[in-house]
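Keep the viewer open as you read.

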Amino acid sequence: MSVLNGKKILLGVSAGIAAYKTAELVRAFIKLGAEVKVVMTPASKDFITPLTLSTLSKNPVHSTFYDKKEGEDELWNNHVDLGLWADMMVIAPVTANTLSKMANGVCDNLLLATYLSAKCPVYFAPAMDLDMYKHQSTKVNLDKLQSFGNKMIPATSGELASGLIGEGRMAEPKDIVCFIEDDINSKLPLKGKKVLVTAGPTYENIDPVRFIGNRSSGKMGCEIAKEIANLGAEVILVIGPSSQIVEHSLIKRVDVKSAEDMYNACHKYYSNVDIAICSAAVADYKPSNTDNQKIKSKNSSLIIELVPTKDILKSLGEAKDNQFLVGFALETNNEVANAKEKIKKKNLDMIVLNSLQDKGAGFEGDTNKVTIIDKHFKENVFSLKSKKEVAKDIINEIIQQINA
Ligand code: CTP
């Protein structure tokens with residue numbers, strides 16, 4: 001999956017002949033799963049129509065500070081909102097004129113106002129004729145724009161619209177996409193790391209048709225796995241019986257059933273990982289015997305003897321080499337004290353505490369409320385959030401700790 005999947009991209013188009021290539025660029029972004037909005041300089045509409053770009057982006061295209069349709073009130077196109085909406089702004093092509101204005105804070109059209117308001121990373125792809133590209137003032141402006149932190153996607157050499165051959169052609173749309181993907185990938189904070197995540201319940205067989213299980217949906221662990229993969233790490237997701245669907249090129253899913261299966265899978269991968277996060281709701285007990293045949297109903301009571309399962313997290317704590325080990329604690333009373341006790345008992349670097357006393361926390365639902373406690377017993381209390389947001393908080397804490 002591309003790092004552009006799910007990203008909000010604001011494409012700015014200025015008035016160069018290369019503007020016709022932005023149709024292909026919008027298509028490429030959309031194909032990779034990005035959402036695209038386009039702002040144009042008024043003059044760029046002579047090179048490509050807003051209709052083409054709005055059809056391809058499936059969003060209205062704006063080029064003026066307000067739109068006026070006959071018989072209707074004027075509608076202000078809020079450049080601040082556009083800038084805030086975007087995860088990144090890509091300005092392509094950037095002509096000598098737009099370049100000079102961007103470098104000097106000129107704000108006489110919607111594209112420039114949006115650029116000045118944008119808080120997101122900005123990529124720009126210059127395009128101009130050979131001599132304009134070489135001009136001293138262009139060089140100064142290109143350097144100035146980059147010194148502001150904007151990323152330049154360099155122009156290439158080739159045949160130019162003037163008929164001259166040389167440097168100044170806008171990078172091809174596929175190369176613009178690659179440039180941005182590579183740039184994002186190189187900055188991912190977990191790039192090169194391997195992470196083991198456990199998720200879901202375990203089922204402990206009583207007989208071929210019955211089992212002891214719990215209500216864990218596996219959602220929390222899956223959100224953690226996805227979030228880690230989005231930050232560039234390879235994830236081994238060891239997951240008990242769960243209907244969650246996880247699709248990500250960096251996630252290897254290992255389906256298991258019982259605590260014993262989960263134990264074996266975790267130990268198979270543990271020595272090669274940098275971080276292990278055990279969010280699974282592992283059964284603490286299993287039947288001492290599993291019947292090979294279905295147990296027949298009788299009129300007397302049935303006693304099933306239960307024996308403890310292996311504590312996977314504790315065993316990982318004992319086998320710890322350099323791994324950063326994170327556990328979960330689901331508590332109903334004396335929450336913080338119990339969680340701290342688990343940090344010590346299981347040799348953890350961090351624990352994520354859920355209290356069943358908190359509404360919206362725990363199994364099944366889409367929300368969770370956690371307190372994260374580090375190995376020095378520093379507590380960080382979070383509010384009720386979606387499991388996706390909670391996953392982000394947990395991973396941010398881990399990143400801070402491993403970089404500390
Ligand atoms: N865990 C595990 N293997 C088990 C039981 C629990 O790896 N057999 C892990 C869970 O994945 C979680 C942590 O241990 O990260 C804590 O689980 P929890 O059920 O809260 O605690 P327990 O250690 O089982 O202790 P208790 O049930 O007594 O609170």
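**Salt bridges, a helix and a sheet**

Search the whole structure and you find 20 salt bridges, a salt bridge being a side-chain nitrogen of Lys or Arg within 4 Å of a carboxyl oxygen of Asp or Glu. Before going further, bear in mind that this is a predicted model, where local features need pLDDT of at least 70, side-chain atom pairs count only at pLDDT 80 or more, and totals for chains, interfaces and linings use all residues. Residues are numbered from 1 along each chain as its sequence is written, and side-chain values use heavy atoms, with hydrogens and water left out.

Start with Glu172 and Lys21, which form a salt bridge whose closest N and O atoms are 3.0 Å apart. This pair links distant parts of the chain, 151 residues apart: Glu172 sits in the loop between β10 (165-169) and α8 (173-187), and Lys21 in the loop between β1 (8-13) and α1 (22-31). Those labels are DSSP runs numbered from the N terminus, with helices being H or I of at least four residues and strands E of at least two. Lys21 counts as buried at 10% relative accessibility, while Glu172 is partly exposed at 26%. Here buried means under 20% relative accessible area, exposed over 50%, and partly exposed in between (1.4 Å probe, protein chains only).

Glu318 is exposed at 61% relative accessibility, and Lys314 is partly exposed at 29%.

Now zoom out. The protein chain is divided into domain 1 (8-187) and domain 2 (194-403), with bounds that come from an automatic or database domain assignment. Their C-alpha centres lie 46 Å apart.

Back to α8, which has 15 residues and reaches 22 Å from its first C-alpha to its last. That is close to the 21 Å expected at 1.5 Å a residue, the expected span being 1.5 Å times one less than the number of residues. Which residues of α8 are buried? They are Pro173, Ile176, Val177, Ile180, Glu181, Asp183 and Ile184. They cover an arc of only 160° around the axis, so they end up on the same side of α8; the arc is that of the directions from the helix axis to the C-beta atoms. Lys174, Asp182 and Ser186 are exposed on the other side of α8. What covers the buried residues includes α1, β6 (88-94), β7 (122-126) and β8 (151-152), where contact means heavy atoms within 4.5 Å.

Finally, the sheet. Six strands make an open sheet in the order β3-β2-β1-β6-β7-β8, with parallel pairing; two strands pair if DSSP finds at least two bridges between them. The edge strands are β3 (61-62) and β8, each pairing on one side only. Six bridges join β1 to β2 (residues 35-40), and the two run parallel. Look for Leu11, which stands opposite Val38 in β2.
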